[in-house]
Each structure stands twice: as structure tokens, then as C-alpha cells.
Amino acid sequence: MATPKPRVKVPAKATKGEVITIKTLISHDMESGQRKDKDGKPIPRKIINRFTCTFNGQPVFACDMAPAISANPYLEFTAKVMESGTFTFTWVDDDGSVYTADNTIAVQ
Amino acid sequence: MRLRTIVPMAVGILAVGLAGAGLRADPVEDKLVIDGEVELVTRAKAPEGHPFDEVVSGWHYRTDETRALQQDSFANPAMLYVERGAEIWKTVQGAAGKSCASCHGDAAESMKGVGAHYPKWNAAAGKPVNLELQVDACRKNNMQAEPYKFDHADQKALVTYIKHQSLGAPVAVDLTQGAMQSWWDKGKDLYYTRTGQLNLSCASCHEQNNGKYIRADHLSQGNVNGFPTYRLKDADVVSLHGRLRGCVRDTRATTPKAFSDDLIALEVYVTWRGTGLAVETPAVRH
């Protein structure tokens, strides 16, 4: 599979105090470590093990992920926005890679 | 004296509860709108000679959650394949140094509506070709690249991408070209032929019993307007020939080869049965 590519959907605008829905998706194999290859050798685990979302540096949502989560994990959550700013999303891979995405929102 | 025990052999009689009064549910009344913008035709008047009055997309037979997944192109997992297909479209492969885009340019224009008319008569091949075979022919003749191995991830991605350009276009197979009619006839024969240890034909489930439940599965009319389609049980995109082979295997018959004459004929006929439905590629099913 190609390099994991994060995708995020955040509304471009919102009114102050509005609860917005944030959708995130990253393309990733989420290899569980339980499978074996053609020669019977175990395929090493390689999953996204942590996801975080911050808004202007403040934590919004975070979670640990486990091997049973399917490929291309999709997460959807809500946040109440009080001011304009930037959402920063990070996905942490087992191999130490960190994939990030930023999305700005204008709050009126 | 040795005690001899006679072990009664349990003879398993396979009773397939299809003919009986199974649990029935009508397809869900709902409208398929992608991203709140594009409304797709999921019910259409059946073409002449069709056993039903109305053809209905398999989308109506799925749960609320599965239907919702298809309506949101961000949540639809198969859109990852569409993205990947878009990259392959532009990637140069083969000795001729060409990509799909070298000849066909922007797929959004050149491939718009194209996928809705496949399988299509091909005079050079002397038989109908589907999108996969057309791509392979292009690769061989124009790109001088190797044809794809059946169900290679790149083949599924590219075909999904090409067919996705026809999203919303009504399925219309042209049976007047070449010998299409005879392939349709052959496909129809196969559709009604019972095969396998379970002695089932396509029609056993998708015509005579559509709307009923086969275990937990709500039997649809078996229309193929959403292929290649994302199946939740596979967590993957499934090609039409992959699905047809799966169905035949489930009847416990010898599985025909992908792109064999039998499966191409079946594809011609089954695609025709969904005439008028919008192309939904990539659909989401369970």
C-alpha cells in the first residue's frame, strides 16, 4: 500500500458556540500482527496506534487504537467552536512515523 | 466376544429453505443522494422482456448504516480506490511510455458516461468486452504494458475510477451491436441454469426469492450497477467477476474463470437486467 495519506473534513465556517462534526480518515493497512504470509511467517504488526486532535494547541479528542481496528480507520467526532483557529490532527504509526493534517475554521 | 458398535452414519440432507415461506421484507423506501447533491436513480421501469415490472438497486436492500455510508463520499471507503485509480490514470507504464491520460486526457471528460455502456461489442475481439478487458487491450496495444492479473488492486482501482466517472448515468447495454444478442441469450440461459451441490441458479435467489432473507442476508435483485462495489465483509472493493465467482462457489459448483465466455455472457445479461438504474460505482454493500 502506498504511503498513508490523511484526509480530514472540517466545515470552513461556523457560528460561535456551534457544535461541528469532524470526519477523519487515513489510508492504512492496519496490519494486526496476527496474520501469516505465504511461507507461514508472521507478518509484523503495523498499525496506527494513536490519534489526536487539537484546536489552537488545546486537546479536543484523542484515542489509542488497537489491532482489531480495520484498515483505513475512519473517526468522526464533534467539537464546540468558540473562535477561529486551526485543528491539528496527528496519527502515530507503529514504526514511529507521524502523519499530520491541519484545517482552519473561520468562526463568526 | 468383541462388541461391535454400529455407528449410524448421519446423512446430512441439505435442505435449502428457499422455497418455503421465508422472512420477507420490502426494500427500504429511501432516496440515494450522494453528498446531499447528486440524486441517483435507484428504481427504474424494467426493459421489455424483463421478469419484473420495476428494477430496484441493491442499495434499497441494505441497512440504514450501510446506505448512509454510500451517501457520503468521504465516509465511503471505496473512494480511496477512486483516488488511487486517479493516480494510476496519470502514471506512465509500459514500453510505449504512455499513461491512460496520454491518449484520453482528463477522465472526468473523456470517461464520463462511458462505463454505463459496458460490456460492449468489440468487433476485433469478436466478443463483448467489459471494462477490465478494455483496459487490458489498451495496455497491450497502446501502452505495450502487461495486462493486469485478475483482481490486482491496481486493476480494481483503475476500473473503479473509470466507472465512477459515470456516476448517475443510466445503465444501457447496446444489444444491437454485433452478436451481442446471442451473448445475451447465452447469459440468460446461464442465469436460469441450476448448478452446484446446492442446485441453485442465479434466479433462485435474485428472481424467485428477492426480498426474502437467506440467513441474515436480504436478497436483492442482483443488479450490478454499483460494481466495482465496496463489500464490508471483505473490507475491500470487489469486482463483478469476483462477485459472480463467489456466488457460483457458494452454490458449490466448479467456479468459472474470470473473463471466461460464460462469465462475460452472464455479465451482459445481468447488466441488462439493471437497465435504467444509475451507475453507483463505488457502491457500498455488506
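Domain bounds in this predicted model come from an automatic or database domain assignment.

**Figure 1. The two domains of chain B.** Chain B is divided into domain 1, formed by residues 33-75 + 170-285, and domain 2, formed by residues 79-164. The distance between the C-alpha centres of domain 1 of chain B and domain 2 of chain B is 21 Å. Their contact involves 23 residues from domain 1 of chain B and 22 residues from domain 2 of chain B.

**Figure 2. The side of domain 1 of chain B that touches domain 2 of chain B.** Helix H7 (180-191) and helix H10 (261-273) of chain B are the elements that give two or more residues to this side of domain 1. H10(B) supplies the largest share, four residues. By class, this side of domain 1 of chain B comprises 14 nonpolar, seven polar and two charged residues.

**Figure 3. The overall fold of chain B.** The secondary structure of chain B consists of 10 helices and 11 strands. Chain B has a radius of gyration of 21 Å, close to the 19 Å that the globule rule gives for 286 residues, and is therefore as compact as a globular protein of that length. Of the 286 residues in chain B, 35% are buried. Among contacts in chain B between residues at least 6 apart in sequence, those joining residues at least 24 apart account for 71%.

**Figure 4. The contact between chain B and chain A.** On the chain B side, five residues take part, and they are in contact with eight residues of chain A. The side of chain B that touches chain A has five nonpolar residues, no polar and no charged.

**Figure 5. The open sheet of chain A.** Five strands of chain A form an open sheet in the order S2-S8-S7-S4-S5, and their pairing is mixed. Strand S2 (13-14) and strand S5 (58-64) of chain A are the edge strands, each of which pairs on one side only.

**Figure 6. The pairing of S2(A) with S8(A).** Strand S8 of chain A covers residues 98-107 and is joined to S2(A) by two bridges. S2(A) and S8(A) run parallel. Ala14(A) has Val107(A) as its bridge partner in S8(A).

Key
Residues are numbered from 1 along each chain as its sequence is written. Chains are lettered from A and ligands numbered from 1 in the order in which they are written. This is a predicted model: local features need pLDDT of at least 70, side-chain atom pairs count only at pLDDT 80 or more; totals for chains, interfaces and linings use all residues. Two strands pair if DSSP finds at least two bridges between them. Two residues are in contact if their C-beta atoms, placed from the backbone, lie within 7 Å. Ala, Val, Leu, Ile, Met, Phe, Trp, Tyr, Cys and Pro count as nonpolar, Asp, Glu, Lys and Arg as charged, and the others, Gly among them, as polar. The radius of gyration is taken over C-alpha atoms; the globule rule is 2.2 Å times the number of residues to the power 0.38. A residue is buried if 20 or more other C-beta atoms lie within 10 Å of its own, exposed if 12 or fewer, and partly exposed in between; C-beta atoms are placed from the backbone.
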